[in-house]
Amino acid sequence: ALAGFEHTIARGRELLESRTFWNVNSTAQGGGVAEMLRSLIGYTRGSGCDALWVTITGDSEFFRITKRLHNRLHGHAGDGGLLGEAERAAYERCCEDNAELMAARIRPADAVLLHDPQTAGMIPRLLETGVPVMWRAHVGIDPPNELAREAWRFLIPYVERANAYVFSQPAYLWEGLDPAKMMVIPPSIDVFSPKNHAMAFTSVIAVLRAAGLAADRHRDHPRAVFERLDGTVGRVKSKARLIEEEQLWLGVPLLAQVSRWDRLKDPLGVLAAFVEHVRSEDEPHLLLAGPDVRAVADDPEGEEVFAEVEAAWSELPRRVRRRVHLALLPMEDSDENAVIVNALQRRADVVAQKSLAEGFGLTVAEAMWKGRPVVASGIGGIREQIEDGRTGFLVDPDDLRAFGERVSRLLGDPHAAERMGAAAQTRVRDLFLGPRHLGQYVELLDSVLGPPV
């Protein structure tokens, strides 16, 4: 395996000699794409290749339209708004402005990889510079519905012109795109990043207390330190904003879901399933955690969704409400946020990902890597990660009773939960780590840059 990886690195250097490999997306923080890019760009640069990551800018109208596209690509109506000529004009205006700024920086030998719907409209202008332009979709749906096809029709005039396009699964390829230009690259996690590196139990406790996510939160916590992605040492200083009746004590059984405040992540469904169908004899707690909604610029619905969850929480009977905690995680420091999530997932007895739609669902792989049993919706890329009953449990996203029963079973049998978590970690090690991902990126670059070797 090591020899193969060394060959991959050597081929990557050869392909990128005197070139810059540009990656472009819409946000530097909040979401799996930004996290993946941080790690992959670091490894690429560490191997001696020149790789850069830039984020685009946009106005509120642009991000409303791209969120609409994001929801439709998942097969959901979202805000129900139009994708007509006025929306196309607003979308193109923003994409063309960003593409013009990029075009001024690109050299003729460079290569560009654009990520997700926000960047697709940049493809035509960037192709005019003469560089190869690739586009990657991190979302998908199988099987598609008419809502998804509506988003495809909006985006295909730009995407079809790319030199290559990347999807996470073969079934996600859009009707109307050339299969010969498609490459399938599942996402990956970086096990050495603050989000996923090993943590001693005492460090988990210290980080949670320092971030205000565990009882005894007001003491100084000298062990709340972590290694940053660049190798320097950081300390958890920021506190989460919490909506809770009582503090979360470390000894109580805990179900946790960590995800964006997005209706497709179904936090209201998790809350309802917990209240109605998770056995309460041992008084388990639920923690719903996500980014501070004020800090994620490209997701205009986050604040609205969090308000809905908070309203539902406030209507619970107090005896139940005291066992439910809502956390808005600090986002000012990406590495600090990542280590807080790491500690939260390791603290949880069971991790949930009850999404209504999911292109891949990196939070599933992250929790599995930490040896956590995951109860998740049997949809999209989650099905690629979890083998039902062996490395986690898959449930129908609408079956709240089944979700609650699986969670209750794991909370009630810690030894079975531990065995499932160990099998889950092995599966992630074998299939969803960075070296495989980097190797496929080299194949992608080879297909658009290099002669056969």
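I began with burial: aspartate 116 is buried, at a relative accessible area of 10%. Buried here means under 20% relative accessible area, exposed over 50%, and partly exposed in between (1.4 Å probe, protein chains only). This is a predicted model, where local features need pLDDT of at least 70 and side-chain atom pairs count only at pLDDT 80 or more, while totals for chains, interfaces and linings use all residues. Residues are numbered from 1 along each chain as its sequence is written, and side-chain values use heavy atoms, with hydrogens and water left out.

**Backbone.** I checked phi at aspartate 116 and found a positive value near 70 degrees, in a residue other than glycine. I placed aspartate 116 in the loop between strand 3 (111-115) and helix 5 (117-120). Helices (H or I, at least four residues) and strands (E, at least two) are DSSP runs numbered from the N terminus.

I then went to aspartate 266. Its phi is also positive, about 55 degrees, and it is not a glycine. The residue sits in the loop between strand 10 (254-258) and helix 9 (267-277). Aspartate 266 counts as buried, at 13% relative accessibility.

Next I looked at omega. The peptide bond from aspartate 142 to proline 143 is cis, with omega near -5 degrees. I found proline 143 in the loop between strand 4 (133-136) and helix 7 (146-159).

**Contacts of aspartate 266.** What does aspartate 266 touch, not counting residues up to four places away in sequence? I listed Lys354, Leu356 and Pro397; contact means heavy atoms within 4.5 Å. With lysine 354, the side chains make a polar contact of 2.5 Å. A polar contact is a pair of N or O atoms within 3.5 Å; within protein, one must be able to donate a hydrogen and the other to accept it, and residues adjacent in sequence count only if both atoms are side-chain atoms.

**Cores.** I looked up the largest nonpolar core and found 68 residues, with Leu213, Val236, Leu329 and Leu344 having the most contacts inside it. Such a core is a set of buried Ala, Val, Leu, Ile, Met, Phe, Trp, Tyr and Cys residues joined through side-chain atoms within 4.5 Å.
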